Amino acid sequence: MVRLALRTGLRWKLSAAIALVGALVAVALSLVVHNAARHSMLDNSRDVQIERLDFIQRVFQSTNRLLYGAKINDPELPEPLRDEVAKNKRATYLQDTGQTAPEVWAASPLSNGRVLSVHDHFPDRFAVLDDLDQALVIGSTAVVVGGCALGVLVGGRLSQRLRKAAAAAGKLADGDTSVRIRDEVGSGRVRDETDDLAWAVDAMSDALQERIEAERRVTADIAHELRTPVTGLLTAAELLPPGRPSELVRDRAQALRTLVEDVLEVARLDGHAERAELQDVVLGEFVTRRVHALDPGIGVEVAREAEVTTDPRRLERILGNLIANAARHGRPPIEVTVEGRVLRVRDHGAGFPEALLREGPSRFRTGSSDRAGRGHGLGLTIAAGQARVLGARLTFRNADELTDGSTGAVSVLWLPENAPTNTGSFPVIQLPDR
């Protein structure tokens with residue numbers, strides 16, 4: 001089951017988080033303020049009604065007149081308030097009518113079992129609560145908007161630095177060892193985790209480069225030191241008397257010499273010191289001559305001719321390694337196709353192993369048992385390295401029996417439209433989706 005992951009920027013995540021926290025805080029504070037103000041107003045309304053009731057009772061006892069709509073034995077008197085007055089107590093009662101201002105009752109016992117009561121809504125007092133709610137809504141909205149703006153500002157700065165770090169890391173992964181992430185990210189007055197990440201990645205890159213360079217030097221030194229004794233061994237083998245043992249010795253000595261030369265070539269390619277000697281070449285004609293010189297039985301199809309600026313010696317080396325790999329690990333027929341600037345070499349064997357398709361060619365590893373057991377795994381590594389020198393791209397895939405008609409390994413060399421520069425930088429080759 002494939003899970004689709006939604007991608008969004010850190011800026012918007014941070015903005016949404018700040019806005020959400022701001023909204024929650026604003027709502028919580030608004031509710032607290034609203035409830036506190038309402039309770040304060042209700043308590044104040046009770047006190048006002050009690051004071052009013054005292055004034056009405058004094059006037060009634062002296063003049064026998066009722067003020068402010070007061071009533072004696074009001075039949076609408078709420079039952080809880082009636083029960084409190086029956087205990088010979090002065091009491092108040094809040095009756096919520098569903099409006100903003102509740103109805104506030106106040107009652108006091110009189111002689112002969114009578115009850116004096118008064119009630120009012122106090123709409124003017126509770127109208128202030130509506131203004132307060134409106135102010136709270138405006139304030140909460142301002143907090144959320146301000147939080148979003150702050151999140152965009154802070155998150156945008158952080159996201160920009162992280163994007164620069166990711167772009168620099170991509171260049172580093174592509175082999176540009178001169179890139180320093182801390183220079184791309186920049187440093188502010190206050191150091192944060194982004195600076196720590198940049199320093200850590202740069203330190204890791206430096207350590208890896210030192211280790212790779214040390215391994216390359218060791219490999220080159222070993223291969224160089226082996227060159228002289230291997231050459232002497234091969235010369236001595238030529239002096240042996242004819243016979244099967246002598247042939248075996250010469251064959252193994254020659255294989256050892258080839259291995260040493262290949263290791264030296266890989267070391268030079270890893271050092272990025274190789275430069276192409278460019279010439280104008282008609283690709284189809286060039287490939288046809290070189291392939292027939294290697295093996296006249298290999299078919300060459302020139303679907304579309306093209307003139308390219310490249311290094312013929314390195315291109316021949318790539319072509320020879322690809323054909324040798326197909327002959328050693330695949331099955332005939334081997335097919336070579338030239339289509340413009342694209343060169344394909346295909347066999348009809350079991351195909352490349354999954355590890356090679358996933359990770360690319362690796363030295364001293366020939367893959368699965370179907371394509372292993374012979375060779376030392378440097379042919380494709382050298383071909384890929386020489387392709388980089390030419391500014392080309394070498395890709396590997398397996399033929400699909402449904403679309404290509406049969407199985408097999410397919411190596412594709414994509415030559416660039418522009419030649420590599422003198423500084424060793426190469427144009428970017430856009431590969432079509434397959």
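This is a predicted model: local features need pLDDT of at least 70, side-chain atom pairs count only at pLDDT 80 or more; totals for chains, interfaces and linings use all residues.
Residues are numbered from 1 along each chain as its sequence is written, and side-chain values use heavy atoms, with hydrogens and water left out.

**Annotated spans and helix 1**

- The unreviewed UniProt entry annotates residues 12–33 and 135–154 as "transmembrane region"; such annotations, given in the numbering used here with shortened feature names, may be inferred rather than shown by experiment.
- Residues 12–33 are 100% helix and 0% strand, with end C-alpha atoms 31 Å apart, and residues 135–154 are likewise 100% helix and 0% strand, with end C-alpha atoms 28 Å apart.
- Helices (H or I, at least four residues) and strands (E, at least two) are DSSP runs, numbered from the N terminus, and Leu-29 belongs to helix 1 (residues 10–63).
- Leu-29 counts as exposed at 53% relative accessibility, where exposed means over 50% relative accessible area, buried under 20% and partly exposed in between (1.4 Å probe, protein chains only).

- The 18 residues of helix 8 (residues 312–329) should span 26 Å at 1.5 Å a residue, which agrees with end C-alpha atoms 26 Å apart; the expected span is 1.5 Å times one less than the number of residues.
- At the start of helix 8, the backbone nitrogen of Arg-313 lies within 3.1 Å of a side-chain oxygen of Asp-311.
- Helix 10 (residues 379–389) is mostly covered, with nine of its 11 residues buried, including Leu-380, Ile-382 and Val-389.

**Backbone features**

- Most residues other than glycine have a negative phi, and most peptide bonds are trans.
- Asn-73 has a positive phi near 55° and is partly exposed, with a relative accessible area of 41%.
- Asn-88, in the loop between helix 2 and strand 2 (91–95), has a positive phi of about 65° and counts as exposed at 62% relative accessibility.
- The peptide bond from Pro-332 to Pro-333 is cis, with omega near 0°.

Terms used: A polar contact is a pair of N or O atoms within 3.5 Å; within protein, one must be able to donate a hydrogen and the other to accept it, and residues adjacent in sequence count only if both atoms are side-chain atoms.
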